Amino acid sequence: MTIRIIRRGVPPSEKIYKVTCARCDSLLAYKMEDIEVTDDYREHKSFQSLNCPVCANKIFITQHVEANELLKEEINRRRNIDGY
Ligand SMILES: [Zn+2]
């Protein structure tokens, strides 16, 4: 039988997260594809970061916070206005 979607979820790659730039206070929305991963071989760790499009600050992300519905609506509205 064809698989039916009872409740549609959002795959991790399509989720939208939010972060505030500590340097210029811009509120940014991003997807995982926007994240840059840097490996620190000495510490055996890797860092996730994002370049702020406003002030070029490198924002280190330790926890991904999902954008709430209000922010998602705002993003969709802007997408329609900007036409991309
Ligand atoms: Zn910034």
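Colleague: In what order do the elements run from the N terminus on?

Modeller: The order is β-β-β-β-β-β-α. Helices (H or I, at least four residues) and strands (E, at least two) are DSSP runs, numbered from the N terminus. This is a predicted model, in which local features need pLDDT of at least 70 and side-chain atom pairs count only at pLDDT 80 or more, while totals for chains, interfaces and linings use all residues. Residues are numbered from 1 along each chain as its sequence is written.

Colleague: How many helices and strands does that come to?

Modeller: The protein has 1 helix and 6 strands.

Colleague: Which strands form the open sheet, and in what order?

Modeller: That sheet has 3 strands in the order β2-β1-β6, with antiparallel pairing. Its edge strands are β2 (27-30) and β6 (65-66), each of which pairs on one side only. Two strands pair if DSSP finds at least two bridges between them.

Colleague: How many bridges join β1 and β2?

Modeller: There are 4 bridges between β1 (residues 17-20) and β2, in the antiparallel sense. Within that pair, Val19 stands opposite Leu28 in β2.

Colleague: And what does β4 pair with?

Modeller: β4 (residues 45-51) pairs with β3 (residues 36-40) over 5 bridges, antiparallel. β4 also pairs with β5 (residues 58-61), again antiparallel, over 4 bridges. As for facing residues, Asp39 is opposite Ser46 in β4, and Asn51 is opposite Lys58 in β5.

Colleague: Which residues in those hairpins have a positive phi?

Modeller: In the hairpin of β3 and β4, with 4 residues between the strands, His44 has a positive phi near 55 degrees. The hairpin of β4 and β5 has 6 residues between its strands, and Ala56 in the turn has a positive phi of about 65 degrees.

Colleague: Changing topic: what is the radius of gyration, next to that of a compact globule?

Modeller: The protein has 16 Å, whereas a compact globule of 84 residues would be near 12 Å. The radius is taken over C-alpha atoms, and the globule rule is 2.2 Å times the number of residues to the power 0.38. Along the principal axes, the C-alpha trace spans about 50 × 35 × 20 Å.

Colleague: What percentage of the residues count as buried?

Modeller: 0% of the 84 residues do. Buried here requires 20 or more other C-beta atoms within 10 Å of the residue's own, with C-beta atoms placed from the backbone; exposed is 12 or fewer, and partly exposed lies in between.
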